[in-house]
Amino acid sequence: MDTNYLENNYLTLVGKVTGEKKFSHEIYGEKFYSFNLSIPRLSGNSDIIPITISERLITDEMLSEGNKLLIKGQFRSYNSYENERNKLILTVFAKDVEELKEDEEQEVEGEDGEIAKKEEMTNEVVLIGFVCKKPIYRQTPFGREIADLLLAVNRAYNKSDYIPTIAWGRNARFCQNLEVGAQVKIIGRVQSRQYEKKYEDGTSEMKVAYEVSICSLELINEEGNEKKEETENQEAV
């Protein structure tokens, strides 16, 4: 499978810088920084998404608090070892960044080839990957159907990103029958979610999880063609 990020892992985010940038790491003399991007939801809430970006793409003024940016890149994962435990860290790796004005209404080509205003494309991610764990299907006390789906998305140099995704409604029902190793294409939105982590000593801590909320899903057969498609345009609050 082609591992070009334009083929199997790409996203478009429009949001405002929140907080200060922090040094992340350095590779061959190139420094990378991280910062948070606040992206509004239709519900009125916002997702706070971590961005990793090269120093060669930014200026200090660009990452000023409240500045509006268009980010294009990939949703990536890496392993962090803390307290002898392996932890999956998720971040958006920026390939391109553009500063936007509040009243700017430029146009951009979407995943389906249609032209839309940048204002309308605030949060979209497309992933093609393989199911690497049996999906977990459940229902809430109010009867809402949910399925957790972990995707392995190929990257260059024989690497893979492991991206947690969440499906709703009939998409969730469809996911519960997916086998490990099945290849799927999903279109969704990157979201942040707060949850309470409870420890054995009785203490607890508030943490933030990042995942892709699935809007549409396609099962791809061995020949690379679409076999089945389910769509469920719902927004998690």
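This is a predicted model: local features need pLDDT of at least 70, side-chain atom pairs count only at pLDDT 80 or more; totals for chains, interfaces and linings use all residues.
Reader: What percentage of the residues is buried?
Author: The chain has 237 residues, and its secondary structure comes to two helices and 14 strands. Counting as buried takes a relative accessible area under 20%. Residues that pass make up 43%.

Reader: Is tyrosine 195 buried, exposed or partly exposed?
Author: Tyrosine 195 sits in strand β12, which spans residues 183-198. Its relative accessibility is 30%. Buried needs under 20% and exposed needs over 50%, so tyrosine 195 comes out as partly exposed.

Reader: Which residues does tyrosine 195 touch, leaving out those up to four places away in sequence?
Author: Start with glutamate 205, ten residues from tyrosine 195 in sequence and 8.4 Å away, C-alpha to C-alpha. A contact, though, is about heavy atoms within 4.5 Å. On that basis tyrosine 195 touches Glu205, Met206, Lys207, Val208 and Ala209.

Reader: Which residue in β2 stands opposite valine 17?
Author: Strand β1 (residues 9-27) also pairs antiparallel with β8 (residues 123-131) through five bridges, with leucine 13 opposite asparagine 123 there. With β2 (residues 30-40), β1 again runs antiparallel, joined by eight bridges. On that side, valine 17 faces leucine 37.

Reader: What is the phi of tyrosine 28, in the turn between β1 and β2?
Author: β1 and β2 form a hairpin, with two residues between them. Tyrosine 28 lies in that turn, and its phi is positive, at about 50°.

Conventions. Residues are numbered from 1 along each chain as its sequence is written. Side-chain values use heavy atoms; hydrogens and water are left out. Helices (H or I, at least four residues) and strands (E, at least two) are DSSP runs, numbered from the N terminus. Buried means under 20% relative accessible area, exposed over 50%, partly exposed in between (1.4 Å probe, protein chains only). Two strands pair if DSSP finds at least two bridges between them.
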